[in-house]
Amino acid sequence: MALASLLKEKSILVVCGSGGVGKTTISASLGLAAAMEGRKVLVCTIDPAKRLADSLGLKELGNRETRIPDLVFAQAGLAPKGELWGMMLDSKTTFDDLICRIAPDESVRNRVLCNPFYQNITTALAGSQEFSATEKLFELACRNEYDLIVLDTPPTRHALDFLDAPNRLTSFLDAKVIAWFVGPYLKAGKLGFRFLNSGAAMAFRVLEKVTGYQTLADIADFFLVFEGLYDGFAARAAKVRQLMSDPATAFVLVTSPQSPSLLEASFFLERLISENMPLGEVVFNRVYTAPTNLTSEEVQALGRQSSEKLPTHKTAIDALCANLRLAILLAEADKRSIHRFLEQAAQPLESVRVPFMRTDIHDMAGLHTVCRYLAG
Amino acid sequence: MSLEAIFDKRIIFMTGKGGVGKTTLSMALAWAAQERGKNVILMEVDNSPNLRYILGKDIPVYKETRIAPRLAVFTLEPFKALEEYAALQIKVAAAARLFLNNRLVSYFMQAAPGWRELVTVGKIWHTHQRTVGRGKNKHPEYDMIVVDAPATGHGLSFLRVPAIFADILKFGRMQSQTKDLLDMLRDPERTIVNVVSLPEEMPLNEAVTLVEMAKSTMGMQVGVTFMNGVHPEPFSPDEKAACDNLRSDSCALETLGNIWPCGGKALFDAAADRQARARMCQEYLDLAAKRLPTPIVELPYEYPGRVDMDGVKRLATLINHALCGGA
């Protein structure tokens, strides 16, 4: 499906790709494009693109949705028919919100929120950002306040981590594991683990030796409380998964046309296809383009001809021609690698190319320029 | 900190936003160090295709692979590191395996947070402790460990984990081991963090955040900045003057117009493109000079953003050249 129709018809676009390919810029531009066409759009990002946020009038971009002021559009000479909203994901707040939502009462809630083990898994540790991104997406989608949500996924080394996060967390909190962990802890009570005979107790004794008892108590207590929350948690994770493969959702894969990022992109692509995730579009970002259709050889010949006619300007002509030839070579190289990527893909792909701009994109006018390329 | 001083450190963490060329520069720094006679190991936290690209071949995970007489590479793998650690703790390897292969333990380990990062730092610590020779000849096996940090959004968060564990572990053997890790990370004589960035907004912001985090959250010593992918000024001063001269010669422009399609517009457009990029790079370099650790080692952009071993050697030469006061 062409990107223009994705923007018109889908209700969730998940923008993914490896780090440094311009996901945030592309996400914001997609959001702008849809808002221009009359939709109410929310762009969720993880990356603090401070300059971009500043120039969009989003000085305090936090875990809450903020509407881009009309003035910012007017200054760029734009009059969107819809609305553009932005927010920055905050892992910890998202987690806490979720606990508040699924905890049956205040005491359970506080016991989880105050548990040191919980506090640690929600902040620094791997997967929590990815998990909270999907969780937030689900929450927003349930509220049904936006026509389109564009999710700029966290920058992971393996873009795939994003897909695995909910499952990893769910299996971590799986009831069986909890029972295994909590069981000996409860049985042990004041007797201590030493008197237990099961395999779990043996494992526990090892853990106790290396970790110290208090830690285990924290973990066990966390699981104990979480046992009651597990069903709610797992049900949500399953729904998140459903939402990801829903026909109203599409993945937009962003990549640069250069090798390391293309390689990651092809892994991600394989994964999306094998999991039946709805891939909408591949965006090749920062593609070298040449300002001419001439070949490098033609430039060389024209250069020679020019120098003969204008011998006093030979230095300038040589320098300009060398520079133009370099631009042509880079453009050709990008064209070839994009072509190869599309050819090797397991299924035909829709794609657009956004050229390497002269400067960074960090304001509304810049985003609008990108929009024009996205719309094709 | 002087660039020279980083070569006296034992452990060098290379951090920065994803896609800035950390692996390439880690390799280049390691190569520069081995050229100076150091025995070096490059430890890669994540198994990345980039290192394999550079080497032009696949290398095994969790195995020291020598790629030059004084340079080895090593890809960390948490499960392997855990197995090694457990074997050291339990002493009986079979029992360690039994423990780790316990269905529930392995199930739990698949999902449990934190331990991956902890054993990763643990393995780095262990490698830096290893010695060769006896008596007076006893010395560390590796003079320098270059750590290619992960490329996730917060590439240093794996270094925060020892502090987190130190916080939640009240006593026990692991508590004191965790303290050893923290001591290593926080010892400015042994360990530094270098940051890699591109002359672009987001990588630069991230670099600033990472440096701040290394300094205040983790209490680590910050080293230098590597500014990768700098688009150089496309023309020499002479060429630039000649181009300006051409532009103001209307007769010459008319002649060009007769030879080139569209009056030779492409020549000037392509020049303006690259000049704009070079100017933008300069702006970010100026900003970096104010906000990132100095000195800033500038490394030129190389198409196609992918570097092989020859490219690494070129960068190593540039680093060593910058060291001699060329930067």
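Is Glu200(B) buried or exposed? In this predicted model, Glu200(B) has a relative accessible area of 17%, and because residues under 20% are counted as buried, Glu200(B) is placed in the buried class. The residue lies in the loop of chain B that runs between strand E8 (191-197) and helix H9 (201-217). When neighbours within four places in sequence are set aside, Glu200(B) is in contact with Tyr284(B) of its own chain and with Arg286(A) and Asp360(A) of chain A. With one of these partners, Arg286(A), the side chain of Glu200(B) also forms a polar contact of 3.1 Å.

Chain B as a whole contains 13 helices and 10 strands, and 55% of its 327 residues count as buried. Among contacts in chain B between residues at least 6 apart in sequence, 74% join residues that are at least 24 apart. The accessible surface of the chain comes to about 13,700 Å², and carbon and sulfur atoms account for 52% of that area.

Helix H1 of chain B, which comprises the 14 residues 22-35, has end C-alpha atoms 20 Å apart, in agreement with the 20 Å that the helix should span at 1.5 Å a residue. Of the 14 residues of H1(B), 13 are buried, so the helix is largely enclosed by the rest of the structure. Just after H1(B), the backbone at Gly37(B) takes a positive phi of about 90 degrees.

Conventions. Residues numbered from 1 in each chain as written. Chains lettered and ligands numbered in written order. Predicted model: local features only at pLDDT ≥ 70, side-chain atom pairs only at ≥ 80, totals over all residues. Heavy atoms only, no water. Helix = DSSP H or I, 4+ residues; strand = E, 2+ residues; numbered from the N terminus. Buried < 20%, exposed > 50% of the residue type's maximum accessible area, 1.4 Å probe, protein only. Polar contact = N/O pair within 3.5 Å; in protein donor to acceptor, adjacent residues only side chain to side chain. Contact = heavy atoms within 4.5 Å. Expected span 1.5 Å × (residues − 1). Areas by Shrake-Rupley, 256 points an atom, 1.4 Å probe, with all protein chains shown as cover.
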